[in-house]
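Biologist: Please show me the structure, and then let me ask about it piece by piece.

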Amino acid sequence: MSSKILHQERELVNERTEALVMDHLGEVEDKVLALLSQRRSEIVGALEGLDLGTDSLRALEKSDSRLGQLVRLEGSSGDLIHPPLFGRLTAKEEAFLQRTRGLWDRSPGLTVSEEGEDPQGAWQPLFWQEGLYLVFWWPADDGTVVGVELDRVRFLADVIGVLPASDPSADVRGLSLRLRRAGGTALYSWGPEVGEGARPVAQRALAEPLSSWFLEAFTVSTASGDSLERVSTIQFLAILLATLLALVGSATYLWWESRRRLREADQRVTFVNQVAHELKTPLTNIRLYAELLADRLPEPHEESPGSSAVRQPGHYAAVVVGEAQRLSRLIHNVLDFGRSRRGALSVHRQPGHLNHKLREIIDRFRPALESRGFEVEFKTQDDELAAFDGDTLEQVVGNLLSNVEKYAAEGRFVSINCLREEDEVVIEVRDRGPGVAKAYSEKIFRPFFRVNGSLTEGVSGAGIGLALSRELARLHGGDLILLPQGPGAHFRFTLFCPRVHSGKEGS
Amino acid sequence: MKHRIMQPLILALLAMTFTQGAASAGGTNTGSVQLEGALGSSYILAGSPRTAYLRVALKGQQLPSDVRTPVNLSIVLDRSGSMQGEKLEQAKKAAIMAIERLQEGDYVSVVAYDSRVQVLAASAPLESAERVIERIRSLTAGTNTALFAGVSKGAFEVRKALSPNRVNRVILLSDGLANEGPSSPEELAELGQSLGRDGIVVSTIGLGLGYNEELMGRLAQASDGNHFFAERAADLAGIYSLELGDVLSVVAQDVNVSVKFASGTRPVRILGRSAEIQEDHVEATLNQLYSGQTKYLLMEVEVNPGHRGEERLMATVEARYQDTIGRERGGGIQQVRVAFTDSPQVVESNRDVRVMSSVARQIGAERNRLAMRMRDQGKIAEAKKLLRENSSYLEEKGRLYSNSYLIADAEENAADLDNLDTEDWIKQRKVMTKNQLEAVQSLGYVE
């Protein structure tokens with residue numbers, strides 16, 4: 001496994017992980033904001049219709065344990081109405097006035113406004129000593145403004161109440177979250193234990209008025225709770241130890257390393273396999289009905305592109321069928337690749353006429369190739385009834401033609417030649433594209449390998465087509481090789497394909 | 001029904017008979033609580049302004065053994081690293097024993113915290129204790145101490161079944177210092193106060209010598225809960241038993257006491273609990289009243305000069321509470337009157353020893369607290385002197401009022417004296433904090 005490929009894959013995985021984690025943090029943020037929104041509705045409900053005299057405001061403070069202090073100001077001048085400065089103030093009221101002095105001392109006046117619909121008051125965060133205080137300002141009908149402060153500690157306790165608890169037996173690895181204040185102090189954490197000094201994979205400040213609170217997410221990937229960074233440190237130490245122990249030690253380490261990476265890649269392949277399996281069933285239906293549709297419609301004329309035949313329904317149906325089959329082939333590639341990893345690939349021979357099958361396959365590619373200006377030449381000298389696996393033929397020839405389409409478009413020419421040599425059939429696919437450099441002539445058959453450069457840039461493909469095709473060919477008793485003759489790429493696909501005599505079956 | 005009304009009425013009559021003094025006649029009560037306002041003495045010396053002590057006592061009625069208020073409880077356990085081993089095992093055992101005393105219809109939840117919070121069993125009616133007990137047994141020790149989060153989650157669970165007719169309680173255990181999330185005594189006290197206002201009482205149990213008694217004490221005090229010091233893990237079973245005993249004997253909660261002073265009388269200060277003092281009235285809330293136990297609000301008042309033979313209304317005492325047995329709002333109201341005399345002997349002979357014992361106890365606790373602060377500041381000699389004086393004061397009053405509890409308190413103060421040097425101070429401070437809070441809750445003295 002090339003470490004560069006794995007690195008790229010890890011980057012991709014990280015990006016996706018971060019997006020998913022940010023989504024999750026957004027959900028948590030919503031919970032907290034919902035709590036705040038509920039308080040707001042309750043406060044507005046309590047204030048509407050209330051006579052706003054000092055006594056009833058004090059009674060409201062007393063009756064609701066989630067509220068801290070209430071204050072009432074003259075809307076135009078900002079003058080303080082409640083608590084009455086010339087009356088007897090409780091210690092709580094004194095403290096409140098002290099920390100909000102900056103607000104009501106200011107002149108002229110106070111306007112309460114908020115972005116968005118229907119401003120029925122607005123939240124304001126106040127910072128005093130170490131705490132965040134939330135005050136809700138509500139404009140009364142009589143031109144005064146009432147400020148309602150939430151009990152700071154109680155609000156935090158209620159937030160902790162709605163956030164998830166942890167479960168040490170289950171939380172050994174995975175996502176660990178923390179709510180903290182700007183400035184570092186953690187307020188509440190949940191999920192697996194996180195090592196000291198670990199860095200979050202994602203961070204999100206809450207929306208106003210709680211923008212001084214942050215949510216952080218950490219990933220914990222080993223049972224001991226270490227972050228991914230720690231794993232690298234352990235690797236380094238392992239290498240040091242290995243070199244000290246000499247060659248045998250390092251060889252053992254390298255072997256173990258590659259096995260681990262293989263396992264990781266295998267896990268990803270398994271996932272992809274599962275997805276491909278899911279896709280197979282609907283695709284089978286699409287192919288079936290597309291082919292039935294194509295049968296019912298008149299055949300598109302065999303004319304050059306640009307003519308009106310291209311716009312006929314028969315042509316449309318042919319395109320759908322072709323694409324469905326291409327999709328099908330891609331999925332088979334993936335599934336077969338998975339099977340080849342597990343050593344589970346197999347070949348099922350059926351008696352048939354290979355040249356007919358080959359013609360079918362080429363005819364499916366023809367519309368797409370011809371619309372790109374290709375001349376498609378098909379010659380066959382084999383006419384025998386023989387035993388072969390039609391799927392193998394479809395996969396290999398399909399992959400070769402697909403490559404031609406992707407990489408050899410400038411040559412505008414592909415020829416498929418089929419001949420029989422005793423019990424073997426040889427199929428040669430030739431194009432007039434840029435060909436394959438000698439240095440890569442073997443590498444292209446390796447899984448995931450794609451030649452870097454302007455040719456492959458922007459062309460989709462995972463690089464498993466040729467690797468899989470060779471494996472299938474070999475399973476079929478033949479091989480797939482690249483011949484060195486230029487110009488263009490010249491592939492030779494051989495299969496062991498014994499003739500079937502009537503009454504006898506091939507092996 | 002009829003039986004329930006008869007019993008308290010009879011007790012009220014008896015109380016009236018035994019109350020001393022000519023003027024301050026016995027109180028009224030409905031349901032499960034007996035209210036009584038009494039003065040240090042029903043006579044005051046005439047001629048110049050005087051101070052007097054006024055005590056508003058609330059006594060929970062004795063319950064027949066099969067009657068009690070349903071319970072809504074959250075047990076919050078510390079599973080931080082320092083609890084590893086014997087401590088956690090004992091805590092688990094004690095919690096299990098507590099749960100075994102509950103019945104169907106009670107709500108219980110179990111929360112465990114270290115650096116994270118785990119809800120071992122969410123609040124649910126106790127259909128089968130086994131399920132909850134199993135979860136407790138599976139608990140193992142962890143890392144840090146997110147005490148604030150533990151209490152928050154416990155309170156959240158209790159809120160699910162919060163009801164004026166259930167005993168709503170969080171029992172918090174901790175052996176260490178809060179070090180995750182809000183960790184200061186002030187913040188925990190604020191939380192306690194906020195929860196207390198909703199009728200959720202937090203009782204705290206400090207285990208070993210590593211916890212912060214300031215924090216645990218203030219949290220309990222702010223919500224009107226109990227505070228315990230378990231020196232060794234083996235003490236936990238007994239302490240949980242005491243706490244459950246209180247929880248299972250609540251007869252009234254959400255108690256509002258209001259004392260309105262007639263003209264000529266002014267409040268000077270409150271001894272013990274906190275209360276709101278306005279110019280002509282005092283208001284206090286008490287969270288829970290227990291069967292057979294008396295809690296009180298004690299204050300010092302100033303009285304305008306009267307003349308011999310004069311009789312005057314001093315204050316009107318009112319209490320409103322949720323009677324959790326009768327499941328209704330109850331209350332009582334009583335007038336407190338005083339008479340004036342020239343003779344100190346008359347004042348003496350009309351002394352109410354219960355009121356005066358309470359005064360001595362609270363003053364003793366105040367001085368003990370002051371001595372503790374002095375010792376915190378390093379003023380060891382002054383602290384010792386104050387404790388010595390306090391001990392003599394309590395002993396003298398104990399003899400005068402024939403109150404053995406006061407004499408026991410005197411001995412405690414003498415013992416505190418000997419333990420002010422550094423190694424012993426860590427433990428002694430916890431003992432003193434616990435004792436001071438017991439005084440505020442007027443626990444331990446039986447009248």
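Modeller: What follows is a set of questions and answers on this predicted model.

Biologist: How many residues of chain A and of chain B take part in the contact?

Modeller: The two chains bury an area of about 2,300 Å² between them. Carbon and sulfur atoms give 47% of that area. The contact takes 34 residues from chain A and 28 residues from chain B.

Biologist: Which element gives the most to the side of chain A that touches chain B?

Modeller: Across the interface of chain A and chain B there are 18 residue pairs in polar contact. The elements of chain A that give two or more residues to this side are α2 (54–63), α4 (152–162), β6 (174–181) and β7 (186–190). With 9 residues, the one that gives the most is α4(A).

Biologist: Which residue of chain A meets B:D198 in a salt bridge?

Modeller: Side chains of opposite charge can pair when their charged atoms come close. The count between chain A and chain B is 3 salt bridges. A network of salt bridges links A:R39, A:E42, A:D64, A:R66, A:R154, A:D158, B:R159 and B:D198. At 3.0 Å, N to O, the side chain that meets B:D198 is that of A:R154.

Biologist: How many residues of helix α10 of chain A are buried?

Modeller: The helix runs over residues 465–475 and is mostly covered. Its buried residues include A:L466, A:L468 and A:L472. Just after α10(A), A:G477 takes a positive phi of about 85 degrees. The buried count for α10(A) is 8 of its 11 residues.

Biologist: Why does B:N168 count as buried, and which side chain does B:N168 join in a polar contact of 3.0 Å?

Modeller: B:N168 lies in strand β7 (residues 167–174) of chain B. Buried means under 20% relative accessible area, and B:N168 counts as buried because its relative accessibility is 2%. In the polar contact of 3.0 Å, its partner is the side chain of B:N72.

Biologist: How many residues apart are B:K87 and B:D175?

Modeller: Their side chains meet in a salt bridge at 2.9 Å, N to O. B:K87 is in helix α2 (residues 86–100) of chain B, and B:D175 is in the loop between β7 and α5 (185–197) of chain B. B:K87 is partly exposed at 24%, whereas B:D175 is buried at 3%. The pair links distant parts of the chain, and the separation is 88 residues.

Biologist: In the salt bridge of B:E89 and B:K92, how many residues apart are the two?

Modeller: The side chains meet at 3.5 Å, N to O. B:E89 is partly exposed, with a relative accessible area of 41%, while B:K92 is buried, with 6%. In helix α2 of chain B they are separated by about one helical turn, because they are apart by 3 residues.

Conventions: Residues are numbered from 1 along each chain as its sequence is written. Chains are lettered from A and ligands numbered from 1 in the order in which they are written. This is a predicted model: local features need pLDDT of at least 70, side-chain atom pairs count only at pLDDT 80 or more; totals for chains, interfaces and linings use all residues. Side-chain values use heavy atoms; hydrogens and water are left out. Buried means under 20% relative accessible area, exposed over 50%, partly exposed in between (1.4 Å probe, protein chains only). Helices (H or I, at least four residues) and strands (E, at least two) are DSSP runs, numbered from the N terminus. Contact means heavy atoms within 4.5 Å. Buried area is the accessible area (1.4 Å probe) that two parts lose on being put together, summed over both. A salt bridge is a side-chain nitrogen of Lys or Arg within 4 Å of a carboxyl oxygen of Asp or Glu. A polar contact is a pair of N or O atoms within 3.5 Å; within protein, one must be able to donate a hydrogen and the other to accept it, and residues adjacent in sequence count only if both atoms are side-chain atoms.
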